[in-house]
Amino acid sequence: MSRKNDRKHAFCLVFQMDSGGECDVNEELAYYLENFAEETASEPDFILGEVAGVRTNLAEIDAHIDETSTAWDISRISKVDLAIMRLAVYEILYNPDIGDGVSINEAVELAKAFSTEESSKFVNGVLGKIARKLKETEQ
């Protein structure tokens with residue numbers, strides 16, 4: 001069991017959140033773990049924290065993505081790519097224990113697994129720009 005796998009589960013829930021409307025994150029996680037990930041999730045609290053963090057900070061996360069992906073309006077980004085980027089941007093902004101490079105690399109791997117090769121390049125570019133911009137503002 002690994003955090004990589006838990007991040008995949010968090011991505012699935014963030015994706016589901018975008019298409020499912022309002023729901024209780026704890027109930028969704030419990031249902032998801034019971035029916036889809038019970039034997040493969042190693043840190044349910046990590047998964048819950050990721051999903052709840054994305055939900056709580058969605059407006060700020062989306063603003064960073066929209067501002068950075070200048071060639072694409074956020075409404076035109078595929079739901080899969082958007083869920084992947086939302087999760088990574090949450091980690092970059094709010095989870096200093098995870099390095100930006102790890103978050104970006106994991107997002108690229110998710111894009112390769114669940115989207116297209118072109119998407120992985122797009123995700124990498126957008127997330128790299130966001131991370132660089134945030135580093136510049138910290139200095």
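Is Trp 72 buried, partly exposed or exposed? Trp 72 is partly exposed, with a relative accessible area of 35%; here buried means under 20% relative accessible area, exposed over 50%, and partly exposed in between, for a 1.4 Å probe and protein chains only. The model is predicted, so local features need pLDDT of at least 70 and side-chain atom pairs count only at pLDDT 80 or more, while totals for chains, interfaces and linings use all residues. Residues are numbered from 1 along each chain as its sequence is written, and side-chain values use heavy atoms, with hydrogens and water left out.

The chain contains seven helices and zero strands, and its elements run α-α-α-α-α-α-α from the N terminus on. Helices (H or I, at least four residues) and strands (E, at least two) are DSSP runs, numbered from the N terminus. Of the 139 residues of the chain, 44% count as buried. Among contacts with a separation of 6 or more, 71% join residues 24 or more positions apart, where contact means heavy atoms within 4.5 Å.

Helix α5 (residues 79-94) has 16 residues. From its first C-alpha to its last, α5 reaches 22 Å, close to the 22 Å expected at 1.5 Å a residue; the expected span is 1.5 Å times one less than the number of residues. Because 12 of the 16 residues of α5 are buried, this helix is largely enclosed by the rest of the structure. The buried residues include Leu 82, Ile 84, Met 85, Leu 87 and Val 89, and also the charged Asp 81, Arg 86 and Glu 91.

Axes are lines fitted to C-alpha atoms, for helices over the stretch in contact, and angles run from 0 to 180 degrees between N-to-C directions. On the α4 side the contact is made by Leu 58, Glu 60, Ile 61, Asp 62, His 64 and Ile 65, and on the α5 side by Leu 82, Met 85, Arg 86, Val 89, Tyr 90, Leu 93 and Tyr 94. By class, this contact has nine nonpolar, one polar and three charged residues; Ala, Val, Leu, Ile, Met, Phe, Trp, Tyr, Cys and Pro count as nonpolar, Asp, Glu, Lys and Arg as charged, and the others, Gly among them, as polar.

Helix α4 (residues 58-68) also meets helix α7 (residues 117-138), their axes coming within 9 Å and crossing at roughly 110°. That angle makes α4 roughly perpendicular to α7. His 64, Ile 65, Glu 67 and Thr 68 of α4 make the contact with Val 126, Lys 129, Ile 130, Lys 133 and Leu 134 of α7. By class, there are four nonpolar, two polar and three charged residues in the contact of α4 with α7.

The structure holds four aromatic pairs. Rings of Phe, Tyr and Trp (its six-membered ring) pair if their centres lie within 6.5 Å, with planes under 30 degrees apart counted as stacked, over 60 as edge-to-face and the rest as tilted. The rings of Phe 11 and Phe 15 have their centres 6.4 Å apart and their planes at 40°, so this pair is tilted. Because they are four residues apart in helix α1 (residues 3-20), Phe 11 and Phe 15 are separated by about one helical turn. Phe 11 is buried, at 3% relative accessible area, whereas Phe 15 is partly exposed, at 31%. The rings of Trp 72 and Phe 122 have their centres 6.5 Å apart and their planes at 70°, so this pair is edge-to-face. It links distant parts of the chain, with Trp 72 in the loop between α4 and α5 and Phe 122 in helix α7, 50 residues apart. Phe 122 is partly exposed, with a relative accessible area of 21%. Phe 11, Phe 15 and Phe 114 form one aromatic cluster.

Helix α6 (residues 100-114) contains Leu 110, which is buried, with a relative accessible area of 8%. Not counting residues up to four places away in sequence, Leu 110 touches Arg 7, Lys 8, Phe 11, Ile 84 and Ser 115. Glu 106 also lies in helix α6 and is buried, with a relative accessible area of 11%. With the same exclusion in sequence, up to four places away, Glu 106 touches Lys 4 and Arg 7.

Notes:
Parallel < 35°, antiparallel > 145°, perpendicular 65-115°, else oblique.
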